[in-house]
Amino acid sequence: MVAGSAGDGATPATAGVAPRVPGTTMTDEEPLLQLRGIGKAFGPVQALSGVDLDIPAGQVTALAGDNGAGKTTLIKCIAGIWQPSSGELFWKGKPVHLHSPKDATAVGIAAVYQDLALCDNLDIVQNMLLGHEKVSFGLLDEVSMELTAKQTLQQLSVTSVRSIRQPVGSLSGGQRQAVAVAKAVMQDAKLVIMDEPTAALGVSQTEIVLNLIRTLADSGHAVVLISHNLNDVFRVADRLAVLYLGRLVAAGPAADFDRQSAVEFMTTGASTREVNGGANSAGSPGVGANRRTE
Ligand SMILES: Nc1ncnc2c1ncn2[C@@H]1O[C@H](COP(=O)(O)OP(=O)(O)OP(=O)(O)O)[C@@H](O)[C@H]1O
Ligand SMILES: [Mg+2]
């Protein structure tokens, strides 16, 4: 798609349905989260301007861009840490105002940052259920908590953990990511945002995290993945969105990009590459990754 167009297209909302979101894309399913005209200023610094983006359930949306492009700022606006200076968020088609991370958690948005908020001295079960402990007859119901933790990890195909009673401090980086994501899933997250989850990881740990991301999306979650690593992006992302100096310069199916066009968008905000035969018909989702923008 082209810079500034609404989400992945500019098709009006379906007739007969309340036209709640400007520029809603006609897809089988309404995107879980829609960003419209999101801007964020820090004093004189305009970190984001007019960002329109659709984030569908069941898919991995990679958010790419050079240093300072605005990726972290954007996800902080989604996670309730920053309030956008302009624009609106729509959750399942309805406007939503997230004044705090608690608000975001309440609707089903979880952000997993690199400095994971896990307690090293507590074990996996204790970390996953921290603040949501199960109590039976005034005592912690350890059996039930273990079972829930185990089931969630199994559901996410996390098999590399030796014991769920292991302190989190003894886990590898990939395993820690897995615990943080499992915790979010247990708290009923529908959208999981991950900021550079593989940046500090080796090959096998990266593998764990990428598999986890895929499993999350395949189980119906929306995943937003921030990554500088295009190998990771092209391995797991269904969609790619590129920010350049605070503006969204491209968004569409990952298959509409190749390495070179992605790099061009990231470094110059435009691309002249023709990918996938130059598909760019109006109304089809995610078109225009091959088009020069502006
Ligand atoms: N709290 C803040 N106060 C002032 N300016 C900020 C603040 N946070 C971010 N910025 C500015 O907003 C712009 C976008 O920053 P952001 O951290 O979102 O970039 P990024 O794409 O995540 O970069 P990186 O890849 O380096 O993590 C930058 O110019 C940055 O200096
Ligand atoms: Mg960042």
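A residue is counted as near a molecule when its C-beta atom, placed from the backbone, lies within 6 Å of that molecule. In this predicted model, the residues around ligand 1 are Phe42, Val45, Ala47, Gly65, Asn67, Gly68, Ala69, Gly70, Lys71, Thr72 and Thr73. Two or more residues of this shell come from each of the elements β2 (45-55) and α1 (71-78). The element that gives the most is α1, with 3 residues. By class, the shell around ligand 1 holds 4 nonpolar, 6 polar and 1 charged residues.

The strand β2 also belongs to an open sheet of 4 strands, arranged in the order β2-β1-β4-β5 with antiparallel pairing. The edges of the sheet are β2 and β5 (94-96), each of which pairs on one side only. Direction ignored, neighbouring strands of this sheet are turned by 30 degrees against each other on average. In general, the strands of a sheet pair through backbone hydrogen bonds, either parallel or antiparallel. Within the sheet described here, strand β1 (residues 33-42) and strand β4 (residues 86-91) run antiparallel and are joined by 5 bridges. Leu33 stands opposite Trp91 in β4. The helix α1, which contributes to the shell around ligand 1, lies across β1, β2 and β4 and runs at about 120 degrees to β1.

An α-helix has 3.6 residues a turn, so residues three or four places apart point the same way. After α8 comes Gly269, which has a positive phi, near 85 degrees.

The mean pLDDT of the chain is 82, and 82% of its residues reach 70 or more. Two stretches have a pLDDT below 50, namely residues 1-27 and residues 277-294. Beyond near neighbours in sequence, residues 1-27 have 62 contacts in the model, and the corresponding count for residues 277-294 is 50 contacts.

Terms used:
Residues are numbered from 1 along each chain as its sequence is written. Chains are lettered from A and ligands numbered from 1 in the order in which they are written. This is a predicted model: local features need pLDDT of at least 70, side-chain atom pairs count only at pLDDT 80 or more; totals for chains, interfaces and linings use all residues. Ala, Val, Leu, Ile, Met, Phe, Trp, Tyr, Cys and Pro count as nonpolar, Asp, Glu, Lys and Arg as charged, and the others, Gly among them, as polar. Two strands pair if DSSP finds at least two bridges between them. Axes are lines fitted to C-alpha atoms, for helices over the stretch in contact, and angles run from 0 to 180 degrees between N-to-C directions. Two residues are in contact if their C-beta atoms, placed from the backbone, lie within 7 Å. pLDDT is the predictor's confidence in each residue, from 0 to 100.
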